[in-house]
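Here are some notes to read alongside the model, written for someone meeting it for the first time. Please keep the view open as you go.

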Amino acid sequence: MPRRSWVVGVGLVSMLLGMLLVFQFRTETNVKTYLPQFKTVSELGIKWNRMQTDLNKKEEELQKLRQQIQGYNRDAELKSLRMAAGVTPLRGPGVEIILTDATRPLKSYEDPNLFIVHYDQLELLVNELWAAGAEAIAVNGVRLVAQTGFSCAGTTILVGSKKLAPPYVIRAIGDPQTLKAALTIPGGYIESQILPFELGFKIKQEKSLYLPPYKGSSVFTYAEVVPEENEELIIEEEELISGEEERTGAKEGEEL
Amino acid sequence: MLLIPLIGVGLGVGLGLLLPWEIPITYKSYTALAILAAADAIFGGMRAQLEENFNFSRFMVSFFANAMVAVALAYFGNLIGIDIYMGVVVAFSIRLFNNLTLIREFLIIRYRRHGSEK
């Protein structure tokens, strides 16, 4: 009987068809939900290229940072900072200057005040030496650092917190030729400060000078360190403020 | 007579929903061919029934043979980089439409005969 076999055959194949349809549909939905949607291959290629260039940039950055870390030498930086701060004794070529009061007997009408070494003369000398490229300076064994100031204290000169009396021995490390030339230049320090007052002045070029370390304390009560990341921001802010002040100051000046 | 394939498909869908399987993505196109082969076989079987020369063994053998040949062709086409897959799909579709047309003609003729007999 063909009828029964037909039902079995067509029925079986139809069932297979239905099952296959369901499985196929399931796969298709999964593909659409899990895979990213790219309409074209070129779109995918563009995205891939972009990510690749990004990756390359990041890798370059990483390389640079690694090199920086390798190149950073903590000891060397610490050493140069300590040298700059003046907390280590230093040795090197330079000049030794001996500055004394005028030695000749004064006449009765001459003011003795003019013929002794004043603190501002010492300060001018030190400034001249710094300007000439001195790397470190000591006066009578007192090392000059960032906080050192000169002031007058009766018959003596106060350098920082130390009282000094003549003769003043100034030792400066630097290029001896340059330092000497900077002081002896016509119209320079010697011509304007030493010769008019007939002060004693001796300068010697030395191959090796010893400078003692700074012996005072360095305590910071009010100042605090600005983190490096914020530095630029704060500088910008301050420029803004000072700019405003200048403008308002100019206005006030006009009003006056 | 038209109900048998519909009931079969319905049962198949129900069974498929109960089973947790799905087609691996690599064999997706081959399943599509199998689906087409099955549809072709069903319409062919209906047509044969209407022509009254249906043979069960011939029906099953032709279904499996067609499906296998289609899958094999698609596979080799894939290997050598030619879309024989598309050709198979077109061939099956044409057969499908031919069978559908013949079935329709038979049904119309039978309906008219019934009408005239009444």
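**Notes on the two chains**

1. A word on conventions. This is a predicted model, in which local features need pLDDT of at least 70 and side-chain atom pairs count only at pLDDT 80 or more, while totals for chains, interfaces and linings use all residues. Residues are numbered from 1 along each chain as its sequence is written, and chains are lettered from A, and ligands numbered from 1, in the order in which they are written.

2. Now to where the chains meet: 23 residues of chain A are in contact with 32 residues of chain B. On the chain B side, α1 (3-18), α2 (28-51) and α3 (56-80) each supply at least two residues, and α2(B) gives the most, with 12 residues. Helices (H or I, at least four residues) and strands (E, at least two) are DSSP runs, numbered from the N terminus.

3. Do take a look at α2(B) itself. Of its 24 residues, 17 are buried, that is, they have 20 or more other C-beta atoms within 10 Å of their own, where 12 or fewer would be exposed and anything in between partly exposed. Just after this helix, Glu52(B) takes a positive phi of about 65°.

4. The largest nonpolar core has 31 residues, with Val13(A), Leu17(A), Leu33(B), Ile35(B), Ala37(B), Ala38(B) and Ile42(B) making the most contacts inside it. Such a core is a set of buried Ala, Val, Leu, Ile, Met, Phe, Trp, Tyr and Cys residues joined through C-beta atoms within 7 Å. Its largest share, 13 residues, comes from α2(B).

5. Finally, chain A has an open sheet of 5 strands in the order β3-β2-β7-β1-β8, with antiparallel pairing; strands pair if DSSP finds at least two bridges between them. Strand β1 (residues 90-100) and β8(A) pair over 10 bridges, and Val95(A) has Gln205(A) as its bridge partner in β8(A).

Terms used:
Two residues are in contact if their C-beta atoms, placed from the backbone, lie within 7 Å.
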